[in-house]
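Look through the model below before reading on. The paragraphs that follow take a few residues in turn.

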Amino acid sequence: MLVVIVLIVLLGLVFDFTNGFHDTANAIATSVSTRALSPRAAVLLAGVMNLIGAMTFTGVAKTIGGKIADPLKIPHGTIVVLCALVAAIFWNLFTWYFGIPSSSSHALIGGLTGAVIGAAGFHAVDLAGFTSIIEALITSPICAFVLGFAIMWLFRGAFGWRSPHRVNRVFRVLQCFSAAAQAFMHGTNDSQKTMGVITFALIAGGYQHTMHIPFWVKTLCAVAMGLGTASGGWRIIKTVGSKIIKIEPINGFASDLTSSIIIFGFTLFKLPVSSTHVISSAIMGSGAAKRPQGVHWNVAGRILVAWLVTIPMAGLIAAGLTKLVLL
């Protein structure tokens, strides 16, 4: 059992590392594309802020670890977590290779749900808890689009009459701070998910009996997320930073501010969100407020498809893997 737990922790750290270079690329994409920050400075800044953010909260971790299924009632709980992590890592690497900004959150949630179903059937899933998580994942990007549109609309009214060069110069400086805030918010939500899954495994393995997140779990996950961020995610940055809209400092700042507000708001309610979805939706909203025809809606549609298929695909992979391991 101990060997399996150690393997789960290692895989959890690998997942957080892939989450770091996969999802955090979104957090710094706008500041890199507008040249507010150099790629090296942006990656270093995001890595440090992710680390700090990941150490700050645990509410989302408890939601992921306790609301999808009861770890005390799932047979082969440690195998469930193991297969969930393998499926999520596979999907992260697959979408990263093709430069698709899919969601690591969706991959992990889909993987854990699929693995639970594979081990114990559909009845083992906590339907109310799972539904609340899905509702948060669906509503958060909608909120981000609406808020991004509203903030950019206000900015246009306040600064539209000023010199574009002067406005961009000011907002390029502000983006340094908004990129840091966005990376911090990413750490407060995304890193929590792996903490929750590892704690789920510790309970299922009999090593603890409550959803208290051990300090060593928080530390390891935070460091792994920070290191993953520091490794960069240039394929994703290219898609988010240039292929959705032509980003200028003013709408880049509006997008960063929007996504920071949305991610932090949901974190306070202990609800997981997809930072990928929130950031991409904020960019689309701010772009639509400035110039709707400037948004590359075909790219947005491609991202939407990735959003829709990630949970079921990761779930199917995890369920199949779990069945195979338990044969």
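**A loop residue and its surroundings**

F57 is partly exposed, with a relative accessibility of 24%; by definition, buried means under 20% relative accessible area, exposed over 50% and partly exposed in between, using a 1.4 Å probe and protein chains only. This is a predicted model, in which local features need pLDDT of at least 70 and side-chain atom pairs count only at pLDDT 80 or more, while totals for chains, interfaces and linings use all residues. Residues are numbered from 1 along each chain as its sequence is written, and side-chain values use heavy atoms, with hydrogens and water left out.

The loop that holds F57 runs between α2 (39-54) and α3 (59-67). Helices are DSSP runs of H or I with at least four residues, numbered from the N terminus. Setting aside residues up to four places away in sequence, F57 touches T188, Q192, F264, T267 and L268; contact means heavy atoms within 4.5 Å. L268 is 211 residues from F57 along the chain, and their C-alpha atoms are separated by 8.8 Å.

Which side chains meet in a salt bridge? Those of D190 and K193 do, at 3.2 Å from N to O. The term requires a side-chain nitrogen of Lys or Arg within 4 Å of a carboxyl oxygen of Asp or Glu, and by this rule the count comes to one. D190 and K193 are three residues apart in helix α7 (residues 164-204), so about one helical turn separates them. D190 is buried at 0% relative accessible area, and K193 is buried at 1%.

T113 is in helix α5 (residues 104-120). With 8% relative accessibility, T113 counts as buried. Apart from neighbours within four places in sequence, T113 is in contact with I68, V125 and F130.

Methods:
Helices (H or I, at least four residues) and strands (E, at least two) are DSSP runs, numbered from the N terminus.
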